Amino acid sequence: MQKQLTVKSGARSEMIDITGMVRSVIRDSRVEEGICYVFVPHTTAAVTINENADPDVPRDIGMAMDKAIPWQDHYSHREGNAAAHVKASLMGASEMVFIENGNPVLGTWQSIFFCEFDGPRTRKILVKVVKSRQD
Ligand code: ZN
């Protein structure tokens, strides 16, 4: 079972908590035990898992990314968004979470974040739920 989600970012760089959306896809699939893949089909956006209990954490991640990969530098890419491409590759286009008892298995402080690096834009996220064979 695969579902496409839509997310609208509101800034050039933004981390959007999509844990609830992913949880809903898993619930709708009725899969109790399995694997959930989250894939971002974009070259200047990504997905990552980190803390959202303290909203300063995603903010700090954004700040550190901006410091490590400045928007302006001696890039060759003519579109002018080379930094966004680099950040997207560092964060990665996919995440995988286990499903147990119909819920994603996440650590107490973990959330799934869609990472925008060249917004604001309307973006797609693909979520695939795969049932375990022994179910
Ligand atoms: Zn580009």
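Reader: This is a predicted model. Which ring does the charged end of R12 sit over, and how far is that end from the ring's centre?
Author: In this predicted model, R12 places its charged end over an aromatic ring. The ring belongs to W71, and the distance to its centre is 3.8 Å.

Reader: How many aromatic pairs are there?
Author: Two rings pair if their centres lie within 6.5 Å. By this rule, the number of aromatic pairs is 0.

Reader: Which residues are the protein donors of the zinc ion?
Author: The donors lie 1.9 to 2.2 Å from the zinc ion. Along the chain they follow the spacing H-x1-E-x1-N-x3-H. They are H77 (NE2), E79 (OE), N81 (OD1) and H85 (NE2).

Reader: Why is the arrangement around the zinc ion called irregular?
Author: Four donors count as tetrahedral if all angles lie between 85 and 135 degrees. Ideal angles for four tetrahedral donors are 109.5 degrees. Here the 4 donor atoms subtend angles that make the arrangement irregular, and the range is 89 to 147°.

Reader: Is N81 buried or exposed?
Author: Buried means under 20% relative accessible area. H85, another zinc donor, is partly exposed at 23%. N81 has a relative accessible area of 2%, so this residue is buried.

Reader: In what order do the elements run from the N terminus?
Author: The protein has 3 helices and 8 strands. From the N terminus, their order is β-β-α-β-β-α-α-β-β-β-β.

Reader: What is the radius of gyration of the protein?
Author: The C-alpha atoms fill a box of roughly 55 × 30 × 25 Å along the principal axes. For 135 residues, a compact globule would have a radius of gyration near 14 Å. The protein's value agrees with that, at 16 Å.

Reader: What share of the contacts between residues at least 6 apart in sequence join residues at least 24 apart?
Author: Contact means heavy atoms within 4.5 Å. Among contacts in the protein between residues at least 6 apart, the share joining residues at least 24 apart is 82%.

Reader: Which residues is I26 in contact with, leaving aside neighbours within four places in sequence?
Author: I26 is found in helix α1 (residues 19–29). I26 is buried, with a relative accessible area of 1%. Its contacts beyond those neighbours are V31, C36, I99, G102, N103, P104 and V129.

Reader: Which elements do the buried residues of α3 pack against?
Author: Helix α3 spans residues 82–91. Its buried residues are A82, A83, A84, K87, A88 and M91. They pack against β4 (45–51), α2 (56–68) and β7 (110–116).

Reader: Where does R30 lie, and what is its phi?
Author: Most residues other than glycine have a negative phi. R30 is exposed, with a relative accessible area of 73%. This residue lies in the loop between α1 and β3 (34–39).

Reader: What is the phi of N101?
Author: N101 is found in the loop between β5 (94–100) and β6 (103–104). N101 is exposed, with a relative accessible area of 58%. Its phi is a positive value, near 50°.

Reader: Is the peptide bond from G119 to P120 cis or trans?
Author: Most peptide bonds are trans. P120 has its place in the loop between β7 and β8 (122–131). The bond from G119 to P120 has omega near -5°, and it is cis.

Technical notes. Residues numbered from 1 in each chain as written. Predicted model: local features only at pLDDT ≥ 70, side-chain atom pairs only at ≥ 80, totals over all residues. Heavy atoms only, no water. Phe/Tyr/Trp six-rings, centres within 6.5 Å; stacked < 30°, edge-to-face > 60°. Lys NZ or Arg CZ within 6 Å of the ring centre and 35° of its normal. Donors = N, O, S within 2.8 Å, 3.2 Å for Na, K, Ca; no water. Tetrahedral: all angles 85-135°; square planar, octahedral: opposite > 155°, others 65-115°. Buried < 20%, exposed > 50% of the residue type's maximum accessible area, 1.4 Å probe, protein only. Helix = DSSP H or I, 4+ residues; strand = E, 2+ residues; numbered from the N terminus. Rg over C-alpha atoms; globule rule 2.2 N^0.38 Å.
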